[in-house]
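The following explanation is meant to be read alongside the sequence and the coordinates. Please keep both in view while following the paragraphs in order.

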Amino acid sequence: MNLFVLSWSYIKTKPLNTFLNILLLSLGIAIITVLLLLSRQMEDSLTRNSKGIDLVVGAKGSPMQIILSSVFHIDYPTGNIPLSEAKQLTRNRLIRNTIPLALGDSYKGKRIIGTNYDYLSLYEAEVAEGNKWSETMEVVLGASAAEQLKLKIGDTFNSSHGLADDGINTHEESPFKVVGILAPTQSVVDNLILTSIESVWEVHASHETEDGEDQEHEHKHEDEHKTAEVTTEGLPEGGSDEQITSLIVQYRSPMAAVQLPRYINERTNMQAASPPFETARLFSLVGVGIDLLQAFAYLIIIIAGLSIFIALYNALKERKYDLAIMRSLGASRIKLFVHVILEGLIITLLGSILGLFLAHLTSALLGEYFIQTSQIGLSAWNILTEEYFVLLASLGVGFLAALIPAINAYRSNISSVLSQG
């Protein structure tokens with residue numbers, strides 16, 4: 001007598017109840033697993049993307065917004081800072097290295113970042129095809145950006161003013177040329193388009209010329225950029241009116257963490273933001289919502305367990321005669337006990353598998369349709385260690401739900417049941 005086949009046969013006799021129990025359990029498990037996937041991968045991604053960055057300096061405003069825009073590239077900058085002030089800051093004895101960033105344009109939702117080669121080194125990004133940029137209006141694509149935009153070496157494109165994927169205010173007069181594609185880094189770089197700061201300046205200078213602001217001066221300004229050599233290390237040479245978006249700072253010593261942020265915030269027109277502090281604050285804010293959703297998911301799983309218990313308990317009353325026949329044919333009390341337990345475990349196993357699949361499918365859809373999710377670098381089909389614990393816990397729920405009905409089956413009296421017909 002195959003107890004598994006027998007248990008499955010009894011489950012199929014109640015298709016509607018079985019389906020509802022599986023669906024209810026799978027929803028609870030799916031919610032918990034999605035939260036685990038998003039929170040764990042987001043935490044790992046934010047930690048990985050901010051590694052090696054001690055401080056970010058930007059325009060006065062929200063420190064968190066500075067971090068989100070300049071480190072994770074999922075928000076708008078607080079503004080720009082003068083290049084002259086940024087240069088003055090780089091001479092501070094507490095600073096070991098700085099990496100400038102210039103934001104403002106995008107192409108089909110992918111942000112164009114003006115920077116230098118140090119930014120590539122920060123994320124250990126290497127060129128897989130082509131070369132790094134060496135002239136203005138040359139760009140290097142991150143691996144995911146190249147795949148999604150379907151661009152290859154030698155292709156050109158026109159950027160859009162702003163960071164939204166609306167295709168408005170296209171810079172048709174200043175096309176970018178793809179000269180390199182980076183190897184995958186599993187970091188934010190994979191979703192970016194990288195170029196020199198001079199290229200960003202040139203695009204904006206041309207844009208201002210079209211708007212009719214001092215055309216003679218702007219044409220001269222644009223020509224200077226076209227003939228200028230691209231700066232690949234340190235801050236670029238620029239006029240007194242040039243600006244950058246932010247400055248990534250690496251400390252020379254631990255003492256800088258104490259003195260430098262306060263100095264910048266109090267004695268300059270710039271704002272200092274610490275990635276570790278702001279990401280911790282972000283998780284403390286998001287954590288409240290995650291905890292509430294997790295509590296709701298646990299409640300659903302408990303309800304699913306009670307539903308399975310009620311279904312098995314009621315089914316046991318209807319099957320007393322069948323179980324008594326099994327005993328008379330030689331089945332032991334232990335076999336009856338295991339038979340009922342298997343029913344609970346099969347239902348919860350199916351619900352768990354369906355719930356885990358729904359969780360990963362939901363994560364994949366989030367990554368597909370929400371740009372912010374894909375820019376952080378979430379992977380929908382990575383299996384976490386915690387998922388195995390979720391599976392075991394759900395099987396435990398099924399075992400507990402079937403325990404009382406199984407005990408009743410174990411204690412059933414053959415003669416009294418058969419005498420009742």
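The model is a predicted one, in which local features need pLDDT of at least 70, side-chain atom pairs count only at pLDDT 80 or more, and totals for chains, interfaces and linings use all residues. Residues are numbered from 1 along each chain as its sequence is written, and side-chain values use heavy atoms, with hydrogens and water left out.

The chain contains 15 helices and 13 strands; helices (H or I, at least four residues) and strands (E, at least two) are DSSP runs numbered from the N terminus. Of its 421 residues, 48% are buried. Here buried stands for under 20% relative accessible area, exposed for over 50%, and partly exposed for values in between, with a 1.4 Å probe and protein chains only. The accessible surface of the chain is about 20700 Å², and carbon and sulfur atoms account for 57% of that surface. These areas come from the Shrake-Rupley method with a 1.4 Å probe, and for residues only the protein chains shown count as cover. Among contacts between residues at least 6 apart in sequence, 79% join residues at least 24 apart, a contact being heavy atoms within 4.5 Å.

Helix α9 spans residues 255-267. Its 13 residues reach 18 Å from the first C-alpha to the last, close to the expected 18 Å at 1.5 Å a residue; the expected span is 1.5 Å times one less than the number of residues. Ala256, Leu260, Pro261 and Ile264 are the buried residues of α9. Seen down the axis of α9, these residues fall within an arc of 100°, so they line one face of the helix; the arc is that of the directions from the helix axis to the C-beta atoms. Val258, Arg262, Glu266 and Arg267 are exposed on the face of α9 turned away from the buried side. The cover over the buried residues of α9 includes β1 (55-59), α4 (83-90), β3 (95-107), β12 (246-251) and β13 (270-273).

Helix α2 (residues 15-49) holds Phe19, which is partly exposed at a relative accessible area of 49%. Phe19 belongs to a nonpolar surface patch with Leu16, Leu20, Leu23 and Leu27, and together the five have about 470 Å² of accessible area. Met42 also lies in helix α2 and is partly exposed, with a relative accessible area of 23%. Met42 and Phe283 are 241 residues apart in sequence, yet their C-alpha atoms are 9.6 Å apart in space.

Several loop residues complete the picture. Thr231 sits in the loop between α8 (215-227) and β11 (243-244) and is buried, with a relative accessible area of 19%. Beyond its neighbours within four places in sequence, Thr231 contacts Thr115, Asn116, Glu198, Pro236 and Glu237. Thr231 and Thr136 are 95 residues apart in sequence and 9.6 Å apart from C-alpha to C-alpha.

Met137, in the loop between β5 (127-130) and β6 (138-141), has a positive phi of about 70° although it is not a glycine. Gln186, in the loop between β9 (176-182) and β10 (193-196), likewise has a positive phi, near 55°, in a residue other than glycine. Met137 is buried, with a relative accessible area of 9%, whereas Gln186 is exposed, with a relative accessible area of 55%.

Definitions and conventions. Patches are made of residues with over 30% relative accessible area and no salt bridge: like charges are joined within 9 Å, nonpolar side chains (Val, Leu, Ile, Met, Phe, Trp, Tyr) within 5 Å. A salt bridge is a side-chain nitrogen of Lys or Arg within 4 Å of a carboxyl oxygen of Asp or Glu.
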